[in-house]
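Open your viewer and get ready to click from stop to stop. Each stop tells you what to select and what you will find there.

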Amino acid sequence: MSFLPGFGRPQPSSAEKIANAEVEMDMISDMMSRLNQSCVKKCIQPDYREADLTKGESVCLDRCVGKFFDVQMKVSEKMQGDAAMKQGQMGM
């Protein structure tokens with residue numbers, strides 16, 4: 001066991017770093033697409049009457065985005081907790 005950072009575990013190669021970055025970009029793109037579809041469907045009327053958002057639409061979108069990210073954080077925390085618990089059980 002080494003006490004120096006980076007020693008004792010293999011460092012990812014450039015190809016692995018690129019693959020991880022591509023996966024992360026795909027996940028972010030998917031999340032933004034779901035966010036857009038969900039909040040636009042809830043907050044913006046299909047028949048546009050004005051070029052700009054109304055105050056009500058703007059407030060609705062702001063709240064929708066906030067709630068969306070709150071839920072994403074809670075789900076992520078839950079999944080990380082479950083994974084840590086599972087890993088802890090396997091180590092016993």
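**Stop 1**

Select Arg-34: it is partly exposed, with a relative accessible area of 36%. Here buried means under 20% relative accessible area, exposed means over 50%, and partly exposed lies in between, using a 1.4 Å probe and protein chains only. This is a predicted model, in which local features need pLDDT of at least 70, side-chain atom pairs count only at pLDDT 80 or more, and totals for chains, interfaces and linings use all residues. Residues are numbered from 1 along each chain as its sequence is written, and side-chain values use heavy atoms, with hydrogens and water left out.

Arg-34 forms a salt bridge with Asp-30, and their closest N and O atoms are 3.1 Å apart. A salt bridge is a side-chain nitrogen of Lys or Arg within 4 Å of a carboxyl oxygen of Asp or Glu. The two residues are 4 apart in helix α1, so about one helical turn separates them. Helices are DSSP runs (H or I, at least four residues), numbered from the N terminus. Asp-30 is partly exposed too, at 42%.

**Stop 2: the other salt bridges**

How many salt bridges are there by this rule? The count comes to 3. Select Lys-78 and Asp-82: their closest N and O atoms are 3.2 Å apart. Both lie in helix α2, 4 residues apart, about one turn of the helix. Lys-78 is exposed, at 52%, while Asp-82 is partly exposed, at 34%.

Next, pick Arg-49 and Asp-47. This salt bridge has its closest N and O atoms 3.2 Å apart. Arg-49 is exposed at 74%, and Asp-47 is partly exposed at 40%.

**Stop 3: two disulfides**

Show the cysteines. A disulfide is a pair of cysteine sulfur atoms within 2.5 Å, and the count here comes to 2.

Start with Cys-39 and Cys-64, joined S to S at 2.0 Å. The link connects distant parts of the chain: Cys-39 in helix α1 and Cys-64 in helix α2, 25 residues apart. With -90° about the S-S bond, it is left-handed. Cys-39 is buried at 3% relative accessibility, and Cys-64 is buried at 9%.

Then select Cys-43 and Cys-60, also joined S to S at 2.0 Å. Cys-43 lies in helix α1 and Cys-60 in helix α2, so the pair ties together parts 17 residues apart in sequence. The S-S torsion is about -70°, so this disulfide is left-handed.

Number the bonded cysteines in sequence order, and the pairing reads 1-4, 2-3.

**Stop 4: the nonpolar core**

Select Met-31, Leu-35, Cys-39, Cys-43, Ile-44, Leu-61, Cys-64 and Phe-68. These 8 residues make up the largest nonpolar core. Such a core is a set of buried Ala, Val, Leu, Ile, Met, Phe, Trp, Tyr and Cys residues joined through side-chain atoms within 4.5 Å. Helices α1 (14-43) and α2 each supply at least two of its residues, and α1 gives the largest share, 4.

**Stop 5: a buried charge**

Finish at Glu-57, in helix α2 (residues 55-91). Glu-57 is buried yet has no salt bridge. The nearest side chain of opposite charge, Arg-49, is 7.8 Å away (Lys and Arg count as positive, Asp and Glu as negative; His and the chain ends are not counted). What does the side chain of Glu-57 reach? It reaches the backbone nitrogen of Thr-54, at 2.9 Å.

Conventions. Polar contact = N/O pair within 3.5 Å; in protein donor to acceptor, adjacent residues only side chain to side chain.
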